[in-house]
Amino acid sequence: MTVAPAPDGMVPHAAAPRELAKALGTDLRCGLSSAEAAARLRRHGRNELIAEAPVPAWRRFLAQFQDVLVVLLLVATAISAGLWLHRRDAALPYEAIAIFAVVLLNAAMGYVQETRAAAAVAALRALSANAASTIRDGERRRIAAAELVPGDLLLVEEGDTIPADARVVATTALTTGEAALTGESLPVHKSIDVVDADTGLGDRVNMVFTGTTATYGRGMAVVTATGMQTEMGRIAGMLTGATEEPTPLQRELDRTGKVIGLVVVGIAIVMSATIIVVGDVREAASIADVLIFGVALAVAAVPEGLPAIVTAVLAIGVQRMARRSAIVRHLAAVETLGSASVIASDKTGTLTKNEMMVRRLVTSSCGCSVGGSGYGPDGELAPDGGTFGDEARAEIDRLLTAADRANNADVTEQDGRWIVHGDPTEGALRVAAIKAGLRSADLAARLPRIGEVPFSSERKLMSTIHRDVRGGGNVVFAKGAPDVLLQRCTREVLGDGTRPLTEDRRREILHCNDLLARDALRTLGVAVREVPAEAFREGTPPDPSLEQELAFAGLIGMIDPPRPEAAAAVARASGAGIRSVLITGDHPTTAAIIAQELGISADGRAVTGAELERMDDAALVRTVAEVSVFARVDPLHKLRLVKALQANGAIVAMTGDGVNDAPALKTADIGIAMGVTGTDVSKEAADIVLADDNFATIVAAVEEGRAIFANIRKFLRFLLSSNIGEVATMFFGVLLASRIGLPSEHGTLVLPLIATQILWINLVTDGAPALALGVDPADASLMRKAPRARGERVITARMWRGIVLVGAIMAAGTLYVLDAALPGGFVEGRGTLVHGQTMAFTTLMLFQLFNVLNARSDEQSAFVRLFTNGWLWLAIALSIGLQLLVIHVPALQRAFGTVALGWSDWLRCVAVASSVLWLRELSKLATRALSRRGVE
Ligand code: ATP
């Protein structure tokens, strides 16, 4: 058993809070000073669990050579060098050098891509790093969890992931889930009592541990160990770095790549064998030439780099999303986002601003409006009749006193702006109390808090217990959803006293609540109860009966204006075939009104959690197909709703923020957590975290997801058609050698393109344009299409048709140029073999560059948005520049078997290569015409 001792050997769980605080040099009210915390951070290091040691750069570079195909190329290099030694036909082994250079270049590109992808993933991890609430210099502060030090005063709330090992010194029903550490699946209730030094980990109820979660309540604790000194840090073997599973898309491409690879290797073997047998190649050196060619063809045509490029494109896309405030935690979510067909969102803070302001107060004898704006304390209470009677005034004071006391928020002025720390709903109540002339400090002195039953989304209610300094007894203040709270009330406040709550009054209050909700106000009910001092002992968990037999004090209606961009985002989603569904804990009428305002539903229908509970699964599946607003739901209902939506075939993106939303977030196809108001637990369960909690960001992320997917398809079209073009050129070139004028001397090998040329095109000049397609800007039409169907292949039948067509055009065009450059064949030419091969080489390379423009769409003309991607043009220029070097620089000419081309040669290559653009334009025209007539 491990026991983490404090600096002077004290065992934290066996020490009383004061003793421990003294030993750790911390003040239980003010925490550490910033200076002391900084000094401790230097001494103890950052509060991080260090996973494996990072792999050094040289090892990552060398890992690029582990690929089978690269090994084959290295073998080819050796064979070529051996041949040169044997023949000594040139001053240097140019071919071997060229192949090796291509291998190195390829490895360098692979390395850069992987490093970029890893850096992007690391940056994202940093973005979603945990924060911790502490008290330092006597103030509440939110700091990076990595900066916690022993002695820090840590504040823990429901939904937090515990960031360090700490000794609990105050608790309000604090409960933690410790399964991650001890395997205990039941929640553990925390207390501040001392336990024996030799108590086992699972029973140290006065400690909280790194990596466990606060599932309920609140508490304060003194940090006793950080980083690798924590219990979690000590568990060897658990700290393997989180590895990202390959996404479905990556897996599919890996499979496709392997199939293509096998086919190509098969073709290469068949071709090499055919050349040897048919060409009657007997000489060992010539056989070696054929082998080098076979390897080059296989390597060139196998799309082995696909998964790496996909990762790079996904990672770049993820960075783009982060700039739009959507932080992706799992790469797979990026793909799924593109096919989302339902966005199930909560209301408060996502569709609305979560900037609450109390507008209406209603008690037994009066109604009044509250003026002002924001969280500023300026604003008057305006009673409906013009003036307050004594009774009304007393009721309003009681209502707002209770609302101010059953409250954990603070409102402070910073740089001239009033801001809320804590729940905005509660902040708004504090502000209303100030407007009514009630001073928080006076109320706190008169009614010190001695207990609390915390709020939860299931209970929709919270209560606090106070000592009444003047009256002697205790008083309970409760606030919550009016419909829920009323069920616990037997009386109602009237003036200074109370009277029994009749059924008629109950109905009246509910009706009044509905009227407030019709004005799109968020409503809260408040209740009070006086209890004898003996009914509650401070420091013990409150008895549930304290929240019964309450006296209803009144209703509070607050505005929470919709976010200005929300309606447009809902419309945009709907244009993209995505349905928005509202799932909220709020009142059905408020929810329905807001949903109507935002265009989520037109009929004003809302199904409540209670109704939902009465439905069986089949009924629910039917209901979710028709109804788009669900109100007064619990987190558990959310899970059923996700499943019902999925049963209808929807791909569901769902938002959540509480601890208990985690199962729904995990079940949804895309779980989305709130970055600002969300709990750590919900963030960990989610695939995406919204840095701004905004619904519009979800729609933006969907758009990015679609754009990334579209870009992956673009470079797939490009790379696969290029590969098919190259293989077909070589295959038919060898097959038709004598027909197209390729001189076939007995015993030697004559190819349309030589090995290094094929390698060059595929591994060098194709690389930059493919990457540039990966960052193609989003096309506006993306959000006018329906979502991608579940299970739709990355490469559709239509894509394959285009790919094969383009490959065929490339092969035909290249062989035509070769034929025309050589004597004999279908078209008579006068050039030498090297000249002909250089022409074919250049034409095939240029084909790729024209084809890049085709690859951007299967339907849209290449001339639409022709200049929107600067990278693409830069890549094209780079490839042309490299080609110029290869055919005009003497040393490279030797390595790549080229000769300089004249203007007219270039012109001919360009003219033929451009055919792929024109012909593909024609085929797209036909596709568009057919799809207008409804033919796929
Ligand atoms: P959404 O689910 O869209 O975020 P919500 O914030 O209304 O909406 P919950 O936080 O589950 O959902 O709240 C449900 C209900 O509980 C609210 O409508 C309100 O009546 C009540 N409520 C909310 N916050 C508090 C609070 N701090 N104290 C007491 N009652 C509250």
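## Around the ligand

A nitrogen atom of the ligand sits 3.0 Å from an N or O atom in the side chain of Lys479. Keep in mind that we're looking at a predicted model. Asp423 has a side-chain N or O atom at 3.0 Å from a nitrogen atom of the ligand, while Thr523 uses a backbone N or O atom, 3.2 Å from a ligand oxygen.

| Residue | Protein atom | Ligand atom | Distance |
|---|---|---|---|
| Lys479 | side-chain N or O | nitrogen | 3.0 Å |
| Asp423 | side-chain N or O | nitrogen | 3.0 Å |
| Thr523 | backbone N or O | oxygen | 3.2 Å |

How much of the ligand's accessible area does the protein cover? On its own the ligand has 600 Å², and the protein covers 92% of that.

Zooming out a bit, the ligand is surrounded by 19 residues, the closest being Lys347, Glu426, Arg522, Thr584 and Gly585. By type, the shell splits into 9 charged, 6 polar and 4 nonpolar residues. Two strands, β17 (474-480) and β20 (522-531), each bring in at least two shell residues. The largest share comes from β20, with 3 residues.

## A helix pair

Now for α24 (residues 695-735) and α25 (residues 755-765). These helices pack at an angle of about 170°, and their axes are 11 Å apart. Angles over 145 degrees count as roughly antiparallel, so that's how α24 and α25 run relative to each other. On the α24 side, the contact is made by Asn723, Glu726 and Met730, and α25 answers with Ile758, Ile761 and Asn762. Sorted by type, the residues of this contact come out as 3 nonpolar, 2 polar and 1 charged.

How values were computed. Residues are numbered from 1 along each chain as its sequence is written. This is a predicted model: local features need pLDDT of at least 70, side-chain atom pairs count only at pLDDT 80 or more; totals for chains, interfaces and linings use all residues. Side-chain values use heavy atoms; hydrogens and water are left out. A residue is near a molecule or strand if one of its heavy atoms lies within 4 Å of it. A polar contact is a pair of N or O atoms within 3.5 Å; within protein, one must be able to donate a hydrogen and the other to accept it, and residues adjacent in sequence count only if both atoms are side-chain atoms. Accessible areas come from the Shrake-Rupley method with a 1.4 Å probe; for residues, only the protein chains shown count as cover. Helices (H or I, at least four residues) and strands (E, at least two) are DSSP runs, numbered from the N terminus. Ala, Val, Leu, Ile, Met, Phe, Trp, Tyr, Cys and Pro count as nonpolar, Asp, Glu, Lys and Arg as charged, and the others, Gly among them, as polar. Axes are lines fitted to C-alpha atoms, for helices over the stretch in contact, and angles run from 0 to 180 degrees between N-to-C directions. Angles under 35 degrees count as roughly parallel, over 145 as roughly antiparallel, 65 to 115 as roughly perpendicular and the rest as oblique. Contact means heavy atoms within 4.5 Å.
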